[in-house]
Amino acid sequence: MIASAIQTLPFRRINWLSNLAVLVAAILALPILVIAAYVLTGSAEVWRHLADTVLSDYVINSLLLVVGVSIGSLLLGVPTAWLTSVCAFPGRRVLTWGLLLPMAVPAYIIAYTYTGLLDFAGPVQTALREITGLGYGEYWFFEIRSIEGAAIMLALVLYPYVYLMSRAAFLEQSQSTLEVSRTLGYSYKQSFFRLALPLARPSIMAGLTLVLMETLADYGTVKYFGVTTFTTGIFRTFYGLGDAAAAAQLAAMLLGFVSILILLERYSRRKSRYHGGSSQGKQARLIKLEGAAAWGATLYCFIPVLVGFLLPAGVLLYWALTQADFTAAEFISLSWNSFYLATTAAIIAVVLALLLCYAKRLSTRHHVKTAVTIAGLGYALPGTIIAIGVLIPLAWLDHRLIAFAKDTFGIDIGLVLSGTLVALLFAYTVRFLAVSLGAVQSGLDKIKPSIDFAGRSLGCTPTQVLKRIHVPLMRSSVLTALLIVFVDVLKELPATLILRPFNFNTLAVRAFELASDERLVDAAPASLMIVLVGLAPVILLSRSIARGKHTI
């Protein structure tokens, strides 16, 4: 509708906005293009050394981690989504939103917590030795610092992606569909496996794809557990060998893994068509579980909440209040660095999202829509890839600026881009712009085109329409985008480790450094702060579910 009436608006102003949107999208696509350009360049000797020594470990461990996290996320996410969607059992209402709580805990923080609990010197094994009288090597205990331990840690905090997507799909399925399956002689179990599960498959796969992309992007957990994957390999190559080109080539391979995951998910449902039932009768009657089945459902849904949030959060709180050694000045400094960095990045991402989405709304040109789509690809890429892709061109530009300043003015200006927060904010924007794009686009779609025309008829320019009409109308969407980007930036670790200026720390970096030095208790205050802030978007999702707005 807007596209058909766009002719009534001044072309010059619209073209200016469209061209600016395309330029912004091109700049944000630069890190991806840099990584792609380095695939066929760089040191052949270093690459040959990697291929002969560690590359196979990177590939095998990454694949094993993907398989393990997939199994864990499906086992935790899909059954709990089904139970909370169609069954009635004790504690269902609380557990419906409680199952989202592990999303607030970054994987590397839950890894530190369980290592402190389950390691040889931790309270669990210490108590076991005291009770049994056994010594080191005389008993078997699960080794938390392993690829299996990393898979469990990641599954505990990533399964909510599968849970959310699956639950939305189950809620969309008409209750009459379930009742028809019962008339055909299906038990509830058969209805789940033969009917509900196949119908929900696209949503489940979409959630699983997000889980696997986050798994491949993880650095803190695998590094702390000593598991060699692509992300740890990129860090070793970049810092240990000092070869940015080889690191970019590894990043390109990781990017290929992510692309394959996305393509496989789309290929798997290329000819499938899924049609939901009518809106009438949805959730008309829940399956009432009784006795052992009811309490079994409660226990199955409570365990992920317990081990994924309540236990880690409780341990962190105990350590922070009773044992942690930290100064208030250091904690305030770290918190301030993290908060103003996350706030700045969130504002930049939302402002650019408003520009891109509004340009897409006004323009009829296909290249504008394509540019906006490309600008949102960064969320599918690990922070490590984006950091390398940002650092290489900014370092090149810095050297050109330094040479120009010396030749022209005779002064050394130093690193003004790659050595400052500019690089970090650029990487955050590329990484998390897609989050703000989704929220802003959702808000814009709810505004009728007639609102635009009414504003234009009153003499407002397109920019004034956006500022005076659209932004106030979609205030909740904008605030949601700000909040989610803020929390994502606060938790981001690999990009911050690579791009942060010297002597600049954030809560995430400090927690990682202390944990790497085996000062797990001292890492608790910073970790706990990240977890508490991460609760904000989870609370938003919980309130949405409580109101019956089952959107992702």
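Predicted model: local features only at pLDDT ≥ 70, side-chain atom pairs only at ≥ 80, totals over all residues.
Close-up 1. Leaving aside neighbours within four places in sequence, Y379 is in contact with Y161, E214, V430, R431, F432, A434, V435 and D488. Y379 itself lies in the loop between α17 (366–375) and α18 (383–409).

**Close-up 2. Packing of helix α7 with helix α9****.** Helix α7 (residues 107–118) packs with helix α9 (residues 147–172) at an angle of about 130°, and their axes are 9 Å apart. The two helices, α7 and α9, are therefore oblique to each other, and their crossing is right-handed. On the α7 side the contact is made by A107, I110, A111 and Y114, and on the α9 side by M153, L154, L156 and V157. Sorted by class, the contact of α7 with α9 consists of eight nonpolar residues, with no polar and no charged ones.

**Close-up 3. Packing of helix α5 with helix α13****.** The axes of helix α5 (residues 55–86) and helix α13 (residues 230–240) come within 9 Å and cross at roughly 150°. This angle makes α5 roughly antiparallel to α13, because angles over 145 degrees are assigned to that class. Helix α5 contributes L55, Y58, V59 and S62 to the contact, and helix α13 contributes F230, G233 and R236. By class, the contact of α5 with α13 holds four nonpolar residues, two polar residues and one charged residue.

**Close-up 4. I388 and L499 in the largest nonpolar core****.** The largest nonpolar core has 169 residues, and of these I388 and L499 touch the most other members. Helix α16 (residues 328–362) gives the most to this core, with 16 residues. When residues up to four places away in sequence are not counted, L499 touches A387, V390, L391, S418, T420, A423, L424 and A427.

**Close-up 5. Overall setting of the preceding views.** The protein has 25 helices and two strands, and buried residues make up 52% of its 552 residues. Among contacts between residues at least 6 apart in sequence, 82% join residues that are at least 24 apart.

How values were computed. Residues numbered from 1 in each chain as written. Heavy atoms only, no water. Axes fitted to C-alpha atoms, helices over the stretch in contact; angles between N-to-C directions. Helix = DSSP H or I, 4+ residues; strand = E, 2+ residues; numbered from the N terminus. Parallel < 35°, antiparallel > 145°, perpendicular 65-115°, else oblique. Left-handed = near helix turned anticlockwise from the far one by under 90°. Contact = heavy atoms within 4.5 Å. Nonpolar A, V, L, I, M, F, W, Y, C, P; charged D, E, K, R; others polar. Core = buried A, V, L, I, M, F, W, Y, C linked by side-chain atoms within 4.5 Å. Buried < 20%, exposed > 50% of the residue type's maximum accessible area, 1.4 Å probe, protein only.
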